[in-house]
Amino acid sequence: MERIAHLDPTMRAWRHEFHRHPELGFDLPWTSERVAGLLESFGLEVHRGIGGCGVVGVLQRGNGTRSIGIRADMDALPITEDTGLVHASEIAGQMHACGHDGHMTMALGAASLLAEGGDFSGRAVFVFQPNEEHGEGAAAMIADGLFERFGIDEIYGAHNIPGLPVSQFATRAGPITASEALFEIEVSARGGHAALPHMGVDAITVGAQIVGALQTIVSRKLDPAQNGVVSVTEFSTDGRRNVLPGHATLSGDARALTPETNAGIEAAMRQLVEGICAAHGISATVSYETIFPPTINAPGPVAEAVATADDLGISIDGACAPKLFSEDFAHMASRVPGCFVLMGNGTESRHARPLHSSDYEFNDAALAPGAVFWARLVERRLAQDSR
């Protein structure tokens, strides 16, 4: 605790530096180089360019053969910041509005602590991932041999949660975040004159029936015990003031906590669209693409995360309710046993604003608890090989 108290001002400075220099997607030249440089300064073995611009730092101690991965995301969002902070974004239209600047800093703090005096035997692997926001970075690093190259046996990740007090954590075994699927429905009807609707098929009328029917998927076609969300977010047509449209496009987003529920939503959507269009004598196509799978926490790593928090006197809910947002960490947790932890970001002002808000800010007070948690988790998981 003395070491983290000494490191805390430095971590805050790192976080502010990352916040001033947000970068997007896979285009992270400054961020990835800064992360790599810090890891090298701690004495870690650093690998650049994993999955494009991902960075991996490896810290080996003793002759232990097990390897524990700690993952942090690096990308920001295309949002114009509205915080007025001294360390506000210096790049127009880009902002760390999801707290990835804090996630990187906590992992870097843990790497520094362990490099200075970590008591473990084995390999701590710090994984800094690009392009979490679009759900592509984890898959890119995995395809580049992340798990094979570094022999990661377990993987852990975290996300800050506005509205949850600092130093309060939460996790659960099983699904903790939802899948996300993007859908698009193209309705091909027969437009015509607004005064003569009987001579065509109005794409707006058909589309509106589809919108209403889609809301019955969750309420009437899913097991009530299985969570799901279906949201139509766009509805566009080629109609005009006195012209009935012959074409309509409906786009939206679907969430589910299990692959089975996600598959059920897709099947019901296709069935409803086909039936409604058949009733009007027209056709439609449905595109349904699952971008993020659900994040499934393994029981063993969850138990270790809870025990680690208990060791440190950090309050943790080990059986929290799952969240319906999505997380790219899901791809990693599907490859090896993993655990995703939710960490409190605070309950007041900018720290309690929703993620992706232009006036949101990661809470610097959360840095020390997060860094200590990661460092202690590595020591616990790799302690058995040091005996």
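**Group meeting: cores, strands and pockets in a predicted model**

Let me begin with threonine 31, which lies in helix 2, residues 29–42; helices here are DSSP runs of H or I with at least four residues, strands are runs of E with at least two, and both are numbered from the N terminus. What we are looking at is a predicted model, in which local features need pLDDT of at least 70 and side-chain atom pairs count only at pLDDT 80 or more, while totals for chains, interfaces and linings use all residues. Residues are numbered from 1 along each chain as its sequence is written, and side-chain values use heavy atoms, with hydrogens and water left out.

Is threonine 31 buried or exposed? Threonine 31 counts as buried because its relative accessibility is 0%, where buried means under 20% relative accessible area, exposed means over 50%, and partly exposed is in between, with a 1.4 Å probe and protein chains only. If we leave aside its neighbours within four places in sequence, threonine 31 is in contact (heavy atoms within 4.5 Å) with Phe18, His21, Glu23, Met74 and Met104.

Leucine 108, in helix 3, is likewise a buried residue, with a relative accessible area of 0%. Its contacts, again leaving aside neighbours within four places in sequence, are Trp14, Phe18, Val35, Leu38, Leu39, Phe42 and Phe128. Tryptophan 14 and leucine 108 are separated by 94 residues in sequence, yet their C-alpha atoms are 9.1 Å apart in space.

That brings us to the cores, a nonpolar core being a set of buried Ala, Val, Leu, Ile, Met, Phe, Trp, Tyr and Cys residues joined through side-chain atoms within 4.5 Å. The largest has 57 residues, and those that touch the most other members are Val35, Leu39, Leu108, Phe126, Phe128, Phe373 and Trp374. Helix 10 gives this core its largest share, nine residues. A second, separate core has 28 residues, among them Leu250, Ala254, Ala256 and Ile276.

Next, strand 12, residues 247–256, is mostly covered, with nine of its 10 residues buried. Strand 8, residues 179–188, runs antiparallel to strand 12 and is joined to it by 10 bridges, two strands being paired if DSSP finds at least two bridges between them; within this pairing, serine 188 has histidine 247 as its bridge partner in strand 12. Strand 10, residues 228–237, also pairs with strand 12 in the antiparallel sense, over nine bridges, and valine 229 stands opposite arginine 255 of strand 12.

Finally, the pockets, for which the protein atoms alone are placed on a 1 Å grid: a cavity is a set of points where a 1.4 Å probe fits but cannot get out, a pocket is an open set with protein on both sides within 12 Å along at least five of seven lines, and lining residues have an atom within 4 Å of a point. Which residues lie nearest the centre of the largest pocket? They are Cys98, Glu132, Glu133, Ser326 and His356, out of 15 lining residues.

The second largest pocket is lined by Met1, Glu2, Arg3, Ile4, Leu113, Leu114, Leu312, Val372, Ala375, Arg376 and Glu379. Helix 1 (2–20), helix 3 (100–117) and helix 10 (367–381) each supply at least two residues of that lining, and the largest share, four residues, comes from helix 10.
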